[in-house]
Amino acid sequence: MTVEPSSPQAADPADDYLRRRALRRGSAGWLLLTGLGVAYVVSGDYSGWNFGLAEGGFGGLAIAMVLMGAMYTCMVFALAELSSILPTAGGGYGFARRALGPWGGFLTGTAILIEYVLAPAAIVIFIGDYVESLGLFGLESGWPVYLVCFAVFLGIHLWGVGEALRFSFVVTGIAVAALIVFAVAALPHFDASSLDDIPVDPAAAGSSSWLPMGLLGIWAAFPFGMWFFLGVEGVPLAAEETREPSRTLPKAIVWSMGILVVLAVVTFVTAAGARGSAAIQEAGNPLVEALQPDGEATVWSRVVNYAGLAGLVASFFSLIYAGSRQLFALSRAGYLPRFLSLTSGRKAPYLGLLVPGAIGFGLAAGTGDGARMLNVAVFGATISYALMSLSHIVLRRREPGLERPYRTPGGVLTSSVALVLACAALVATFLVDVTAALIALAVYIVALAYFGLYSRRHLVAKAPEEEFAALAAAEAELARD
């Protein structure tokens, strides 16, 4: 790791480099961060998960949801510990940097970045579809709607993190309240016999009415089981803008996951039981379909339809935040071009917001394929999950004496479960969409080439994540001596 003293971009004794790359401290407490964790994910309750019914049926998706819920729960407990050790904007990159070295840090950070750049591009397409289906202002889904979404919500983020998180909290509250309304409205129509009404494939090994696509269908449904929780791991990215992060982050992460588990179970069971798994397995708005057994809109279906748009907005808005902070941290440390981490007078990483936003808008307008982009995002996510879980195991084994304000229940057993399930989910992405997995892999290879050939020789030693790793190396050397 080298930093040229004469370089105008290098950290100097006056800390001018870091001063120009500072975020606003103390802008969020545990309640706003809990809202952020739910906001990342809530759109997944409204759509996307139901496509897993076509892969594994109700039973297959139910098992996949339980297994993926276990993976996220175990990983969240591990992340709670790691974020209390190293509360910086780098999140997973910072954890892996200390545990697995520069290559491990970059591999993790890049995987997270793939997830958080691609997911908003996919969600903005879904927002456009909702706007068109609701007949709002006579607009049709297309690039003008996408452009307005990116412009408005990037503008709020540029205004300031406190304002952004409060906006996200309000919209998320609306989306969560509507999920409760949906469950209450759907319960009178619930029929357990409708859960397993998808035709059975007799040629599939282990097939039954509960597993119509057989045992392999469970595995194929993994990526869709993830949609109930995908993104919650982004809470630690707010560390540098949080009050008392070593206490606040673990509390917010655990509370977020608890809320998401309840919402996932209630939404999944009531939606499938109210209308039938077969009827909603390919619906773009499964909750609305579940409330319209005769195909006619009702008061409650309209409420849920509008709330679905609120849920999409909440996740879109929050994922933009997460992507900007991950890009900011990687850039500040020199893994990516350093100018991307410059912050404005309001302490917002303006290029870290604008550059991913421009890429996301270009992908949405150029392809219009939200499902494929989400599959690419899932591929990046599963890699990061495996590496973050491995980081927890390595740090527990190698540095048992490291101060841990919060300790993961179950220790390395918990993170080992997350690691195994993350690897299984990674393989499952190839079962669902080989093309998406290969696209993500190609992006990964290009990024690794950039790191290997250039940026690994130009890292910034005074970046918080790098200082933390350097301290560990120094302590290890002293111990050897």
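Leu-327 sits in helix 13, which spans residues 299–332. The model is a predicted one. Is Leu-327 buried or exposed? Its relative accessible area is 5%. The cut-off for buried is under 20%. Leu-327 is therefore buried.

What does Leu-327 touch, once neighbours within four places in sequence are set aside? The partners are Leu-113, Leu-336, Leu-340, Gly-352 and Pro-356. Leu-351 gives a distance to go with that list. Leu-327 and Leu-351 are 24 residues apart along the chain. Their C-alpha atoms are separated by 9.3 Å.

Leu-327 also belongs to a helix–helix contact. On the helix 13 side, the contact is made by Ile-320, Ser-324, Arg-325 and Leu-327. On the helix 14 side, it is made by Gly-352, Leu-353 and Pro-356. By type, the residues of this contact divide into 4 nonpolar, 2 polar and 1 charged.

Now the geometry of that pair. Helix 14 covers residues 350–367. The axes of helix 13 and helix 14 come within 8 Å. They cross at roughly 120°. An angle of 65 to 115 degrees would count as roughly perpendicular, and one over 145 as roughly antiparallel. Helix 13 is therefore oblique to helix 14. The crossing of helix 13 past helix 14 is right-handed.

Helix 2 is residues 30–41, and helix 10 is residues 245–275. They pack at an angle of about 40°, with axes 8 Å apart. Helix 2 and helix 10 are therefore oblique to each other. Helix 2 passes helix 10 in a right-handed crossing. From helix 2, the contact takes in Trp-30, Leu-33, Thr-34, Gly-37, Val-38 and Val-41. They meet Thr-248, Leu-249, Lys-251, Ala-252, Trp-255, Ser-256, Ile-259 and Leu-260 of helix 10. The residues of this contact divide into 9 nonpolar, 4 polar and 1 charged.

The largest nonpolar core has 147 residues. Tyr-46, Tyr-72 and Tyr-385 have the most contacts inside it. Helix 5, residues 92–134, gives the most to this core, with 21 residues.

- Tyr-385 touches Met-71, Tyr-72 and Met-75, among others.
- Glu-115, Met-226, Leu-230 and Gly-231 are also among the residues touched by Tyr-385.
- Glu-233 and Ala-422 are on the Tyr-385 list too.

Thr-382 lies in helix 15, residues 370–398. Its relative accessible area is 0%, so Thr-382 is buried. Residues up to four places away in sequence aside, Thr-382 touches Met-226, Ala-422, Ala-425 and Leu-426.

Finally, Tyr-130 in helix 5. Its relative accessibility is 6%, so Tyr-130 counts as buried. Neighbours within four places in sequence aside, Tyr-130 is in contact with Tyr-46, Gly-284, Asn-285, Asn-305, Gly-308, Leu-309 and Leu-312. Tyr-46 is one of the residues with the most contacts inside the largest nonpolar core. Tyr-130 and Thr-108 are 22 residues apart in sequence. In space they are 33 Å apart, C-alpha to C-alpha.

Notes. Residues are numbered from 1 along each chain as its sequence is written. This is a predicted model: local features need pLDDT of at least 70, side-chain atom pairs count only at pLDDT 80 or more; totals for chains, interfaces and linings use all residues. Side-chain values use heavy atoms; hydrogens and water are left out. Axes are lines fitted to C-alpha atoms, for helices over the stretch in contact, and angles run from 0 to 180 degrees between N-to-C directions. Helices (H or I, at least four residues) and strands (E, at least two) are DSSP runs, numbered from the N terminus. Angles under 35 degrees count as roughly parallel, over 145 as roughly antiparallel, 65 to 115 as roughly perpendicular and the rest as oblique. A crossing is left-handed if the near helix is turned anticlockwise from the far one by less than a right angle, and right-handed if clockwise. Contact means heavy atoms within 4.5 Å. Ala, Val, Leu, Ile, Met, Phe, Trp, Tyr, Cys and Pro count as nonpolar, Asp, Glu, Lys and Arg as charged, and the others, Gly among them, as polar. Buried means under 20% relative accessible area, exposed over 50%, partly exposed in between (1.4 Å probe, protein chains only). A nonpolar core is a set of buried Ala, Val, Leu, Ile, Met, Phe, Trp, Tyr and Cys residues joined through side-chain atoms within 4.5 Å.
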